[in-house]
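Please keep the model open while reading.

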Amino acid sequence: ANGLKGPAAKKGQTVTSNRLVKRLKALLTKISGLVFATGLLITLLVAVVYVFKPAYLHLLELRLYDAVFQRSYTGAQTQAVAIVDIDDTSLKKFGQWPWPRYRVALLLQKINMAGARAVGLDILFAEPDGTSPRVMKQALKRDLKIDIQFSGMPEALEDNDRLLANILDQGPYVLGFSGNFISDNPSGAEAEIPELKALQVRESGALPAAQYLFQAREFITPLPIFLEKGPRAGFLNTITDRDGVLRRTPLFIAKEGKLYPQLSLAALMTAMG
């Protein structure tokens, strides 16, 4: 072969080149098929994950969210919001919960005098105060057939609920209520909650906003005497993620086509006028 020259040598080179080209084409065809198969497999895998949403991947996403959130946290504080917490120190000093509502009224009055623009109460005053002298007298009369009198007590102090209601009429207070989303047998004993007067801007064909929100079957409300005085109210319900951590909360819920704000949003609306 080394002795070949001229056309014979060129022919040999051409045959070798053709074989090399064929092999490269065959290799590229195999690689293309492999790439296509790999891409198809990845696409199917992503589709399956998207459809079935394995719990461990969702928890991994939440952990990643927490890590990013903690790294971005600056620690900066604001004086715009204050939390008045009835904590263990408070209970040790003033006694077990629930407190008499005259004490709650005094607390609210002090907060109002300190200049609060809005006070959101994440406390559900759904039942009468059992420590009211009026209620205690009725209970003792009913259970033990005993008539008692409180000497020297002003009439205004005989009903803690009435006392608290009068304080609610004097400040920017926002009451809390709770929505029941699973009951099929509403009690029908709820008080009237003022709905949110909101302007709705919808695209053509869109449903009313209430159709896209969590639908409450009934409300667990404060006593009517408080709602008569309280200008606003917001719901207390929250939703935790699968791992039990609270990362977000709905700002609106609906009931019978009406909108209702979350407590923090109602407090903000009150503060902003």
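Val174 has Arg232 in S4 as its bridge partner. This pairing, like the rest below, comes from a predicted model. S2 and S4 (residues 232-235) run parallel and are joined by four bridges.

| Strand joined to S2 | Bridges | Direction | Example pair |
|---|---|---|---|
| S1 | two | parallel | Val119 with Tyr173 |

Next, burial in S2. Eight of the eight residues of S2 are buried, so the strand is largely enclosed by the rest of the structure. Tyr173, Leu175, Phe177 and Gly179 point one way. Val174, Gly176, Ser178 and Asn180 point the other way.

Now the helix. H4 covers residues 101-113, which is 13 residues. At 1.5 Å a residue, H4 should span 18 Å, and its end C-alpha atoms are 18 Å apart, so the two values agree.

Which residues of H4 are buried? They are Arg101, Val104, Ala105, Leu108 and Ile111. These residues cover an arc of only 125° around the axis, which puts them on the same side of H4. On the other side, Lys110 and Met113 are exposed.

The buried residues of H4 pack against S2 (173-180) and S1 (119-120). Helices H6 (160-168) and H7 (224-227) are also among their packing partners. Just after H4, Gly115 takes a positive phi of about 105°.

Technical notes: Residues are numbered from 1 along each chain as its sequence is written. This is a predicted model: local features need pLDDT of at least 70, side-chain atom pairs count only at pLDDT 80 or more; totals for chains, interfaces and linings use all residues. Side-chain values use heavy atoms; hydrogens and water are left out. The expected span of a helix is 1.5 Å times one less than its number of residues. Buried means under 20% relative accessible area, exposed over 50%, partly exposed in between (1.4 Å probe, protein chains only). The arc is that of the directions from the helix axis to the C-beta atoms. Contact means heavy atoms within 4.5 Å. Two strands pair if DSSP finds at least two bridges between them.
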